[in-house]
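Please work through the exercises below with the sequence and the three-dimensional structure at hand. Each task is followed by a solution in steps.

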Amino acid sequence: KVRSIFSLTEDPILIDLFSGSCNLLYHLSNAINPCRTIAFENDHAIYNLTKHNLEIIDFHCEFYHGDYSELISKISFPQKTVPIVLIVSPPWGKGFTCKNGLDLLATEPPVDEIIRNIYKFFSGRQIIFMIQTHEKIVPRSVNSITSKFSFFYNTLDFSHSDDLNTGFLVCG
């Protein structure tokens, strides 16, 4: 089902720009069968814990310690025909308040800035963005982001679970 949302005809490169524990990357990797899996984590302690845990579960990915925006240009990405699926889940920081919810334009860094940086780096490639969202979200931030894409799909579906409060805005 996940592959059909993306309309992928070949195995993509799966990249998590703010990986944390790599939990989401692990599960998505099993769902979409990427040809390559890459993760970035900036926090030193989280990086070390995650690297250790990845070794324990024998999950193979290229795991980099540092800011994706500084490291991604040092990685070789051959074959422009291979699609890229990016997990975008930056620290929410001041971008989330209980009153207003999640503002994708105020995360740290802002999601629109991340998208611009990625398009500069991966120009000419098919790119699918999976942007983490929340049940309460600032509408203008969603509109600002989705207006730049030919399609988008919101994975939040409150009809199936009362406990669901996060989801993904899938854009391409």
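The model is a predicted one, in which local features need pLDDT of at least 70, side-chain atom pairs count only at pLDDT 80 or more, and totals for chains, interfaces and linings use all residues. Residues are numbered from 1 along each chain as its sequence is written, and side-chain values use heavy atoms, with hydrogens and water left out.

**Exercise 1. Determine the order of the strands in the open sheet and name its edge strands.**

Step 1. Strands (E, at least two residues) and helices (H or I, at least four) are DSSP runs, numbered from the N terminus. Two strands pair if DSSP finds at least two bridges between them.

Step 2. Seven strands form the open sheet in the order S3-S2-S1-S4-S7-S9-S8, and their pairing is mixed. At the edges are S3 (62-65) and S8, each of which pairs on one side only. From one strand to the next, the twist averages 15 degrees, where axes are lines fitted to C-alpha atoms, for helices over the stretch in contact, and angles run from 0 to 180 degrees between N-to-C directions.

Step 3. At the S3 end, S2 (residues 36-41) is joined to S3 by four bridges in the parallel sense. Glu41 has His65 in S3 as its bridge partner.

**Exercise 2. Describe the pairing and the burial of strand S9.**

Step 1. Six bridges link S9 to S7 (residues 127-134), and the pairing is antiparallel. Within this strand S9, Val170 is the bridge partner of Met130.

Step 2. S8 (residues 152-154) also runs antiparallel to S9, with three bridges. Here Leu169 in S9 stands opposite Asn154.

Step 3. Buried means under 20% relative accessible area, exposed over 50%, and partly exposed in between (1.4 Å probe, protein chains only). Strand S9 (residues 166-171) is largely enclosed by the rest of the structure, because five of its six residues are buried.

**Exercise 3. Find which strands are touched by helix H3.**

Step 1. Contact means heavy atoms within 4.5 Å.

Step 2. Helix H3 (residues 44-57) packs on the sheet and touches S2 and S3, with a direction at about 160 degrees to that of S3.

Step 3. For comparison, helix H2 (residues 23-32) lies across S1 (13-16), S2, S4 (84-88), S7 and S9, and runs at about 165 degrees to S1.

**Exercise 4. State which residues are closest to the centre of the second largest pocket.**

Step 1. On a 1 Å grid over the protein atoms alone, a pocket is an open set of points with protein on both sides within 12 Å along at least five of seven lines, and lining residues have an atom within 4 Å of a point. Its volume is the space filled by probe spheres set on the points.

Step 2. The second largest pocket holds about 200 Å³ of space. Its lining has 16 residues, of which Leu17, Phe18, Glu41, Asn42 and Pro91 are closest to the centre.

Definitions and conventions
1 Å grid on protein atoms, 1.4 Å probe; cavity = no way out; pocket = protein on both sides within 12 Å on 5 of 7 lines; lining within 4 Å.
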